[in-house]
Amino acid sequence: RRTPGLRREEVASLAGVGMTWYTWLEQGRDINASEAVLDAVARTLLLDAHERDHLFTLAGVAPPPAPEDAGITPEVRAVLDRLEPFPAFVSNARYDLLAYNHAYQAVIGDLDALPPEERNSLWLIFTKHTTSKCFVDGAESKPRLVAQLRSAMAEHVADPAWKCLVRRLREASPEFEALWQRHDVAPPENATKRLLHPDYGLLQFNYVNTWLAPRIGLRLVVYVPADDGTAEAATLARDAVPLPVR
């Protein structure tokens, strides 16, 4: 019912289970469905994280934690690569940078050299001097970014990963702490971003959010050059070695 055009026997086949067993699963019989089989059914039905957890709950199995980059498919990575020389990345609602292309690293810095827990937009702009310095309009964008994080956190107030990020930011950045105490909220939005790059000068981008999985906040963000100079610089930077992030 959830997947138009996909019949019961096709779901069973794609999930690698028998037709009779899958029918019993739908009927709620006591068949002791394993975690691996339930995960295969969830992938076949294209369930998002919330629907996947619901399936496990219905089957009486504790849902395992989904990996943070579960939505980063080979197709999404291919899109990121094809967007070159436009800088682009995929982020979740917590602003973790789950995937990005070389063009994005060329303007932001060498993200690959950072530990995974530091590949987060808020962490970069509030705790990394090179990143904070490159955002020309930081005085306006930082309050908005913190307000967007607080707005998104309303659905994740009990999530340890969210609480850990906020705690680390409050401890590492007095500026973040002051903004967090304002309790402002704001939705994500498309806007213009100006960056001052040490090699290419002032770059101006219009950035666009494209939702990949709205329920879990997964989105593709593309920086589109706003002028000819930025477009030329983005092309030149495509093959450049990213600068260190400090």
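User: In which helix is Trp180 found?

Analyst: This is a predicted model. In it, Trp180 belongs to helix H11, residues 174-180.

User: Why does Trp180 count as buried?

Analyst: Its relative accessibility is 7%. Buried means under 20%. Trp180 therefore counts as buried.

User: What is Trp180 in contact with, leaving aside its neighbours within four places in sequence?

Analyst: Its contacts are Val146, Leu149, Arg150, Met153, Val166 and Arg170. Take Leu149: 31 residues separate it from Trp180 in sequence, and the C-alpha atoms are 9.4 Å apart in space.

User: Why is H1 called roughly perpendicular to H2?

Analyst: Helix H1 (residues 8-15) and helix H2 (residues 19-27) pack at about 110°, with axes 9 Å apart. Angles of 65 to 115 degrees count as roughly perpendicular. So H1 is roughly perpendicular to H2. The crossing is right-handed.

User: Which residues make the contact of H1 with H2?

Analyst: H1 supplies Arg8, Glu9, Val11 and Ala12. H2 supplies Met19, Tyr22, Thr23 and Glu26. By type, four are nonpolar, one is polar and three are charged.

User: How do you know that the buried residues of H12 line one face of the helix?

Analyst: The buried residues of H12 (residues 228-237) are Thr230, Ala233, Ala234 and Ala237. Seen down the helix axis, they fall within an arc of 100°, so they line one face. On the other side, Asp228, Glu232 and Leu236 are exposed.

User: What do the buried residues of H12 pack against?

Analyst: They pack against helix H6 (102-108), strand E4 (201-213) and strand E5 (218-225).

Notes: Residues are numbered from 1 along each chain as its sequence is written. This is a predicted model: local features need pLDDT of at least 70, side-chain atom pairs count only at pLDDT 80 or more; totals for chains, interfaces and linings use all residues. Side-chain values use heavy atoms; hydrogens and water are left out. Axes are lines fitted to C-alpha atoms, for helices over the stretch in contact, and angles run from 0 to 180 degrees between N-to-C directions. Helices (H or I, at least four residues) and strands (E, at least two) are DSSP runs, numbered from the N terminus. Angles under 35 degrees count as roughly parallel, over 145 as roughly antiparallel, 65 to 115 as roughly perpendicular and the rest as oblique. A crossing is left-handed if the near helix is turned anticlockwise from the far one by less than a right angle, and right-handed if clockwise. Contact means heavy atoms within 4.5 Å. Ala, Val, Leu, Ile, Met, Phe, Trp, Tyr, Cys and Pro count as nonpolar, Asp, Glu, Lys and Arg as charged, and the others, Gly among them, as polar. Buried means under 20% relative accessible area, exposed over 50%, partly exposed in between (1.4 Å probe, protein chains only). The arc is that of the directions from the helix axis to the C-beta atoms.
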